[in-house]
Amino acid sequence: METLPRETIVDVLENKLREEILTGSHPAGSYLPPERELADGYGVTRTTLKHAFGRLIQSGLLETRHGVGTRVRDFARLGGADLLPMLVRHSPGWLGEIFEVRRSIGALIAERAAMRATPEQRDELRTLLAAVGEAEGGNDVQLADIEVHRALARATGNRVYTLLTNTLFNAYVPMRAHLVGPFLDPQVAHGRLEPVVAAVGSGDAKAAREAADAYLADTERIMLDGLGIA
């Protein structure tokens, strides 16, 4: 049996500071107290505090100004989509907004894929769709479904769509185990996604967009209902 990693004091402090930042205890734009004062207040060493700061700087929540201090970054104004996985872990309410973007971007991707996909990419989509129906267990069906969407993004010929697709999937990875509702039955999941792949395969951009919008709305409703999020 694999030994689970133990939470370190740096982990605990990082999580506490993150929570205080995201809940507004340390408002955006404010400077944190001096390191010695903060370390004493949390009962940790300054070295531990610096390690926690380093992680929060890397995640985009803090910034250090030499000779001035450590300031809470205005992540809502200046942050990027890379913050979304952390924000979802803190507040699942972010999922509703993520899914709104998922739906609009996903429908556009399907439309563009229908217009631009090569014969090889259309064949790949059919193969990946078949894997959805053949997968066993909600987790595997969900992963197979994700690969179809990655392939749709690649079929647009636009690498930015591929990166946006990855970003949106990464955003709800922290909650993925709780979003398995639409994927519990592999044949149902296959049937739900098949119209999208069929429309892309036939080059019908309008039908692809409409099918993708219906698919995304349906799966979004099931996932958010499962979480109890209106």
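1. Helix α2 covers residues 35–42, and its buried residues are E35, L38 and A39 (buried means under 20% relative accessible area, exposed over 50%, with a 1.4 Å probe and protein chains only). These three sit on the same side of α2 because they cover an arc of only 100° around the axis, the arc being that of the directions from the helix axis to the C-beta atoms.

2. On the face turned away from that buried side, α2 carries the exposed residues R36, E37, D40 and G41. What covers the buried residues of α2 includes α3 (46–58). After α2 comes G43, with a positive phi near 70°.

3. A word on the basis: this is a predicted model, where local features need pLDDT of at least 70 and side-chain atom pairs count only at pLDDT 80 or more, while totals for chains, interfaces and linings use all residues. Residues are numbered from 1 along each chain as its sequence is written, and side-chain values use heavy atoms, with hydrogens and water left out.

4. Stepping back to the whole chain, you will find 11 helices and two strands (DSSP runs: helices are H or I of at least four residues, strands E of at least two, numbered from the N terminus). Along the sequence the pattern reads α-α-α-β-β-α-α-α-α-α-α-α-α.

5. The C-alpha atoms fill a box of roughly 65 × 40 × 35 Å along the principal axes. Of the 230 residues, 42% count as buried. Among contacts (heavy atoms within 4.5 Å) between residues at least 6 apart in sequence, 69% join residues at least 24 apart.
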